[in-house]
Amino acid sequence: MISITVTALVFGVVFLAELPDKTALAGLVLGTRYRAGYVFAGVAAAFALHVALAVAAGSVLTLLPQQIVHALTGVLFLGGAAMLLLKKDEDEEEVRRPEDQSFWKVAGAGFMLILVAEFGDLTQIMTANLAARYDDPLSVGLGAVLALWAVAGLGIVGGKALMRRVPLRLITQIAALLMLALGVWSLWEAVSG
């Protein structure tokens, strides 16, 4: 059974953390060069694979005693908040343009870009933490993949307009604040449990 609360929480945290990420900018670059649907298909498949790996890793953590899981996820959330607050603004990466713009070439380029760029990324680690924290792999996976797909869609279709209206720094600060709150909450549960 899917928990709407857990799915919504995961969606919000992952969405805000992914917006200022380099992959949103890479999606924007790809979306300006190729058919949006082709780019999204590849990017969406790569994000689904990353979420599945992260949820599996987080589910393994649930085998540990609860206090250790809470302490570990608390520290990781605090580290993630620090990374968001301390990271420099990222520039657009140059994306190689395939000569053949068929579905498979464009989707493949998007898939490979995200597969490589997102491996071990903050949102993948955060998804693993959330899976361990809530012990609800389906709800966490659904919230994370929907958030990543939403950011990818925004990046591909209308990223420039969004970034002109909402300062990237504000989005990063809100995501860091949410992660900080989750980290403190997890550590409190580890100490009080």
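**Helix α6 and its surroundings**

In this predicted model, Val6, Leu9, Val10, Val13, Val14, Ala17 and Glu18 of α1 meet Thr123, Met126, Thr127, Leu130 and Tyr134 of α6. By class, this contact of α1 with α6 comprises nine nonpolar residues, two polar residues and one charged residue.

**Packing of α1 and α6**

- Two packed helices are described by the angle between their axes and by the distance between those axes.
- Helix α1, which spans residues 4-18, packs with α6 at an angle of about 160°, and the two axes are 10 Å apart.
- Because angles over 145 degrees count as roughly antiparallel, α1 is roughly antiparallel to α6.
- The crossing that α1 makes with α6 is right-handed.

**Packing of α3 and α6**

- Helix α3 covers residues 36-61 and helix α6 covers residues 122-134; their axes come within 7 Å and cross at roughly 40°.
- The two helices α3 and α6 are therefore oblique to each other.
- The crossing in which α3 passes α6 is right-handed.
- On the α3 side, the contact is made by His50, Val51, Leu53, Ala54, Val55, Ala57, Gly58, Ser59 and Leu61.
- On the α6 side, the contact is made by Gln124, Thr127, Ala128, Ala131 and Ala132.
- Sorted by class, the residues in the contact of α3 with α6 are nine nonpolar, five polar and no charged.

- Side chains of opposite charge can pair when their charged atoms come close.
- The structure holds one salt bridge.
- This salt bridge is formed by Glu189 with Arg133, and the closest N and O atoms of the pair are 2.9 Å apart.
- The pair links distant parts of the chain, since Glu189 belongs to helix α8 (residues 168-192) and Arg133 to helix α6, 56 residues apart.
- Arg133 counts as buried, because its relative accessibility is 8% and the cut-off for buried is under 20%.

- Ile125 is located in helix α6.
- With a relative accessible area of 38%, Ile125 is partly exposed.
- Ile125 and His50 are 75 residues apart along the chain, and their C-alpha atoms are separated by 9.9 Å.
- Asp135 is found in the loop between α6 and α7, the latter spanning residues 137-165.
- Most residues other than glycine have a negative phi.
- Asp135 is not a glycine, although its phi is positive, at about 45°.
- Asp135 is exposed, because its relative accessible area is 52% and the cut-off for exposed is over 50%.

**The protein as a whole**

- The protein contains eight helices and zero strands.
- Read from the N terminus on, its elements run α-α-α-α-α-α-α-α.
- Of the 193 residues in the protein, 45% are buried.
- Among contacts between residues at least 6 apart in sequence, 93% join residues at least 24 apart.

Notes. Residues are numbered from 1 along each chain as its sequence is written. This is a predicted model: local features need pLDDT of at least 70, side-chain atom pairs count only at pLDDT 80 or more; totals for chains, interfaces and linings use all residues. Side-chain values use heavy atoms; hydrogens and water are left out. Axes are lines fitted to C-alpha atoms, for helices over the stretch in contact, and angles run from 0 to 180 degrees between N-to-C directions. Helices (H or I, at least four residues) and strands (E, at least two) are DSSP runs, numbered from the N terminus. Angles under 35 degrees count as roughly parallel, over 145 as roughly antiparallel, 65 to 115 as roughly perpendicular and the rest as oblique. A crossing is left-handed if the near helix is turned anticlockwise from the far one by less than a right angle, and right-handed if clockwise. Contact means heavy atoms within 4.5 Å. Ala, Val, Leu, Ile, Met, Phe, Trp, Tyr, Cys and Pro count as nonpolar, Asp, Glu, Lys and Arg as charged, and the others, Gly among them, as polar. Buried means under 20% relative accessible area, exposed over 50%, partly exposed in between (1.4 Å probe, protein chains only). A salt bridge is a side-chain nitrogen of Lys or Arg within 4 Å of a carboxyl oxygen of Asp or Glu.
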